[in-house]
Amino acid sequence: MNYTELSAAIQEYTQNYETDFVANIPVFVEQAEQRIYNTVQFPSIRKNVTGFTTSGNKYLSCPLDFLAVYSMAVISGTEYTYLLNKDVNFIREAYPSTASANNGLPKYYALFGPATTNANPPVITNELTFLLGPTPDAMYTVELHYYYYPESIVTANTSWLGDNFDSVLLYGSLMEAYTFMKGENDMIALYTQRYQEALALARRLGDGMERGDAYRDGQVKLPVT
């Protein structure tokens with residue numbers, strides 16, 4: 001289901017073609033996408049990027065579309081060292097000195113930010129940074145797997161969610177639409193139920209089937225009575 005089809009379906013389900021309602025359909029869809037992406041950890045909402053540390057610099061920039069870390073590894077030669085997530089206080093206390101003699105291969109990272117520019121006075125940006133501990137003693141390659149919001153079906157017209165699990169997107173959008181319409185409680189309850197049913201199937205896929213296989217987990221079997 002692409003966005004044109006989704007928008008038409010929302011109008012048909014609600015029997016609402018008013019200008020204000022149609023103008024807000026993109027909001028309904030984007031709110032539904034955000035709700036879904038924060039409930040089910042689909043592999044399609046992860047990215048992989050590489051970056052580089054700077055010797056003597058304990059900070060590392062986050063990607064512009066960064067939401068949360070899936071994993072972070074420092075590559076030294078051909079060896080991967082996966083960093084552990086800690087808070088800023090831990091790293092500051094564990095590595096209080098930034099002297100070069102105390103620098104080394106990073107073992108930990110913390111979310112630190114937002115970043116600031118070098119302007120006078122400094123300007124606070126919207127982007128986060130990572131704090132590394134210990135401070136890198138060389139330029140290392142960093143491989144980051146992270147969560148992000150894929151481009152909305154509203155602007156892209158197609159999306160992984162629309163192509164593979166349009167039911168949860170449709171009923172999530174209808175929930176938002178009926179909230180906007182201040183619709184009858186029984187209809188809101190109906191679409192909420194349909195959304196929860198579709199979401200349960202989506203979670204079975206994203207948090208279940210895509211995280212296992214028959215060799216490791218065995219085949220799903222129903223009891224024979």
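In which sense do β2 and strand β7 pair, and over how many bridges?

## Strand pairing in the open sheet

In this predicted model, β2 and strand β7, the latter formed by residues 129–133, pair in the antiparallel sense over 3 bridges. Within that pairing, Ser61 stands opposite Thr129 in β7.

The two strands belong to an open sheet of 4 strands, in which the order is β2-β7-β6-β5 and the pairing is mixed. The edges of this sheet are formed by β2, spanning 59–61, and by β5, spanning 84–85, each of which pairs on one side only.

## Surroundings of Ala73

Ala73 has its place in strand β3, which covers residues 68–76, and this residue is buried, its relative accessible area being 0%. Leaving aside residues up to four places away in sequence, Ala73 touches Tyr80, Thr81, Tyr82 and Leu83, and also Thr141, Val142 and Glu143.

Glu33 is found in helix α3, which comprises residues 25–37. When residues up to four places away in sequence are not counted, Glu33 touches Ser152, Ile153 and Leu169.

Although Glu33 is buried, this residue has no salt bridge. The nearest side chain of opposite charge is that of Arg35, which is 12 Å away from Glu33, whereas a salt bridge requires a side-chain nitrogen of Lys or Arg within 4 Å of a carboxyl oxygen of Asp or Glu.

Terms used: Residues numbered from 1 in each chain as written. Predicted model: local features only at pLDDT ≥ 70, side-chain atom pairs only at ≥ 80, totals over all residues. Heavy atoms only, no water. Pairing = 2+ DSSP bridges. Buried < 20%, exposed > 50% of the residue type's maximum accessible area, 1.4 Å probe, protein only. Contact = heavy atoms within 4.5 Å. Lys, Arg positive; Asp, Glu negative; His and termini not counted.
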